[in-house]
There are 2 protein chains.
Amino acid sequence: MAPPRRASVLIMFESAELGHSIDKERYEREEPELRHALLTAQYELVKSAKFSVVILIGGVDGAGKGETLNLLNEWMDPRHIQTNAMRPVGDELYGRPQMWRFWRVLPPKGRIAIFVGSWYSQPLIKRVYGEIKPGKLDQQLEEILRFERMLSDEGTLILKYWLHLSKDGQRRRFKALAKSKATAWRVNDTDWKHLAMYKRFQRVSEHLLRTTSTAEAPWVVVEGSDERYRNLTIGTSVLAGLRKRLDQVTRPTRPTAPPMIRALDGVSVLDRLDLGQKVDKVAYGDELGTLQGELNRLTRTRRFEKLSVVAVFEGCDAAGKGGAIRRVTQALDARQYDVIPIAAPTDEEKSRPYLWRFWRQLPERGRLAVFDRSWYGRVLVERIERYCSDGDWARAYGEINDFEQQLVDADTVVVKFWLQISKDEQLRRFEERKATAFKQHKITDEDWRNRDKWDLYNVAVCEMFDRTSTDLAPWTLVEANDKYFARLKVLRTLVRTIEAAL
Amino acid sequence: MAPPRRASVLIMFESAELGHSIDKERYEREEPELRHALLTAQYELVKSAKFSVVILIGGVDGAGKGETLNLLNEWMDPRHIQTNAMRPVGDELYGRPQMWRFWRVLPPKGRIAIFVGSWYSQPLIKRVYGEIKPGKLDQQLEEILRFERMLSDEGTLILKYWLHLSKDGQRRRFKALAKSKATAWRVNDTDWKHLAMYKRFQRVSEHLLRTTSTAEAPWVVVEGSDERYRNLTIGTSVLAGLRKRLDQVTRPTRPTAPPMIRALDGVSVLDRLDLGQKVDKVAYGDELGTLQGELNRLTRTRRFEKLSVVAVFEGCDAAGKGGAIRRVTQALDARQYDVIPIAAPTDEEKSRPYLWRFWRQLPERGRLAVFDRSWYGRVLVERIERYCSDGDWARAYGEINDFEQQLVDADTVVVKFWLQISKDEQLRRFEERKATAFKQHKITDEDWRNRDKWDLYNVAVCEMFDRTSTDLAPWTLVEANDKYFARLKVLRTLVRTIEAAL
């Protein structure tokens, strides 16, 4: 029995250096039962599609990360498991935020995604190599905490395993692999180099695990040296996680504040807009041409290739979003932009965290994405129509600010327009649509129903402004009773904002 | 009507610069009803003692912070309101962590605490004055977020109001106050200086509000220029907050992970202890004297006056905690230490967040606090006996690590001992207690019941080690079958740790 180290002062990985093991006989007795239970739980998950599962496998090289990935795929039905062995990041992001890689592969409800190499890999490696300072590491870990909290709030079950080996254990493992021709390829120069840096890795890992072990998603440290012990431990833990959630009757929700009350005097930012502002047709034509020319020129500069643009168009029904968007896209090379109309989410989208549908549409650098309606639907239509719970939209403000912050950090220019018309002008346009044959498809019963909720929407719109008009991504209000005026203001703002960013 | 500024690009405080107002007639009509509803809600709160309420009032000087505080005290029953106008921090902390000031005054369930000048004041002021960098500010805001999340998880309702004035508004207000002899004293040089720094204040405030507006506890920005508007708005919002929580049937809880499974091979850190270690009586007497002398010398040095010591004693029943503690305190000046026995919480303690009872016992600099059992009860007895929910103890690990981090940051030396005896040795000691007249009071039925749960406790103890043995505050395991050996190890560790910190 090894004597306790450091005069019995415990280190974090202590209980994963005890030489845990399971004998063969016990393994062969317990393994079939565990597999059966896991498979049963997985099918219940698939069938109910109650939630999605994210399993992270991190830890020391040689401790069995790859083997665990294979094992879980073998024990459960791999058709409902999505495996993500994330490699060190190359340039596949093309200017998108770091987290884009992970958002892309988030599993839908009913499925399990296993990550070997996750959002933790880059911060860990960079800190160990001294490429980032402790403060930067902590900032990145806070971002990760927010990301995982969002996943958890969206109902995702997160299970995090850290496979540990002592330094001696790692050395023994590498030597064993290197000795046999069949496995020698599995140990490379980087592995030996990292072994020499073992202590540093452990120090940073300990900090990382400590900081990111939360009540919702704690790390489980598993000793990696004995395969049977490791397999049974992880299998049993995954099973416990799945069962707890499958058997849960009510979905837990975080406490939320009461909704903001509307301004008691009924005065809002929207009332202060001078909707009477107009431009005549000739002046419009002139300035439109100039602005479109400027926009075109800007998007063809060398420096534009280093950034991307996300333009968000929100506004009242019939405020002229489509027309304004067309005046923008007319100025662009068709290969350079996407217009993304946001309607009701697809089944695929509904089964993932709310922002997923927008992350998948983010532009590469040198490109523009124009969102005709956007993620703000969460705090507008979804709030008003009660498509989501109070908690869901209440936390969306913070999630959206985080999202836009990540965009800006990745050199994306974020421009957000709110097109406002008066209630009378809306009525006029609705009537006109009804009366004009080729416009009739643009007016539905829903538009009339929304109109009845004009005041409710106004409250939500103003709270949205208050909570999401950030320094980095402010809202631009567009007085849109006059279409010419609105279109010019949109183009002018876009041109000025891109100009400032170049 | 003021034209929209910055070409309609919205800033955060936009909707609090609209010149909101309520006319006198309406105010006089609505105020009595609101007061009545508030008072009714308050009495329901007092009677049910379902939760506690924390109201923060921050914002621009001159926007009515003090008046709001007075108003709420006038509208509700001030006997159940606790008012905290926090002044800039002097040296009242005497070496305790910054947050100690706020922990001390957290309200019990059933009561409302109003803070003018809160945990936000120092970070804001220091950043505006350039005394801390943006990164440090963000770190402090993250700590605040964790603190508020803890409060919220403990059931506290947090309402945060930010009273805003435009720069012109602030100037007008100061001038008006300065003009009248009766109020001129309310504007001082600092106020005028801050007015000149208005833009900087706003920039930092905006960042602060954005970062710390969460779903549980968002900031509500209120325009401060019209007193009637301000009063009705805050009153209505406080009422909405109280009512929502009073009328809530089930208490929301955050999702939590399934509990850690115990090591499948049944091997734990505790099994690796060599409990047979012994010291004979003569050697014990010699070393005890030496170590006590060293400890005494260390605690009388000049440098010791700059730090404080928190020593935690946990362990199995009958492991000899009391005896070990006495050997420590024998070496100390009686005016220098407190021994704090932790039993079941008092009513006063039960009605506050879990860690409150420990925060109130923190030592000043130059002093030692010896905890005979501690905050770890949350993840030991409270977990095993189900005195708290799964969610409560699951999040306690993180809260405890945060707590100890704050202690260490405030130059407190944290030493944590776990005294372990074998199950046989415990039986022997129990029997001896039963048989010895003057020891009989030390053995109760509960001890025997706990003994039946030996294995359950072991699992909880090991998970506690794994999750809370941090670099900053590691656990020291003490082999305690031999009391002499245990006492010497405790003293030796304490001496070495204090020595290293000096």
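Modeller: Let's begin with a term we will need at once: a residue is buried if 20 or more other C-beta atoms lie within 10 Å of its own, exposed if 12 or fewer, and partly exposed in between, with C-beta atoms placed from the backbone. This is a predicted model, where local features need pLDDT of at least 70, side-chain atom pairs count only at pLDDT 80 or more, and totals for chains, interfaces and linings use all residues. Residues are numbered from 1 along each chain as its sequence is written, while chains are lettered from A and ligands numbered from 1 in the order in which they are written.

Biologist: Which residues lie on each face of β1(B)?

Modeller: In a regular strand the side chains alternate between the two faces of the sheet. In β1(B), one side has B:Val53, B:Ile55, B:Ile57 and B:Gly59, the other has B:Val54, B:Leu56 and B:Gly58, and all are buried.

Biologist: How do you know that β1(B) pairs with β3(B) and β4(B)?

Modeller: Two strands pair if DSSP finds at least two bridges between them. Five bridges join β1(B) to β3(B), residues 112–116, and seven join β1(B) to β4(B), residues 157–164; so, by that definition, both pairs qualify. β3(B) runs parallel to β1(B), as does β4(B). As examples, B:Leu56 has B:Phe115 as its bridge partner, and B:Ile55 stands opposite B:Leu159.

Biologist: Now to the chains. Why are the two copies said to be related as by a two-fold rotation axis?

Modeller: Two copies of a chain are related by a rotation about an axis and a shift along it. Copies are superposed by least squares on the C-alpha atoms of residues with pLDDT of at least 70 in both. Chain A is laid on chain B by a turn of 180° and a shift of 0.0 Å along the axis, with an RMSD of 0.0 Å. The copies are therefore related as by a two-fold rotation axis. In chain A, A:Arg254 comes closest to that axis, with its C-alpha at 2.5 Å.

Biologist: What makes residues of chain A and chain B count as being in contact, and how many do?

Modeller: Their C-beta atoms, placed from the backbone, must lie within 7 Å. By that test, 73 residues of chain A are in contact with 72 residues of chain B. On the chain A side, α9(A) gives the largest share, eight residues.

Biologist: Why do you say that the copies meet through the same surface?

Modeller: Because 99% of the interface residues of chain A are also interface residues in chain B.

Note on methods:
Two residues are in contact if their C-beta atoms, placed from the backbone, lie within 7 Å. Helices (H or I, at least four residues) and strands (E, at least two) are DSSP runs, numbered from the N terminus.
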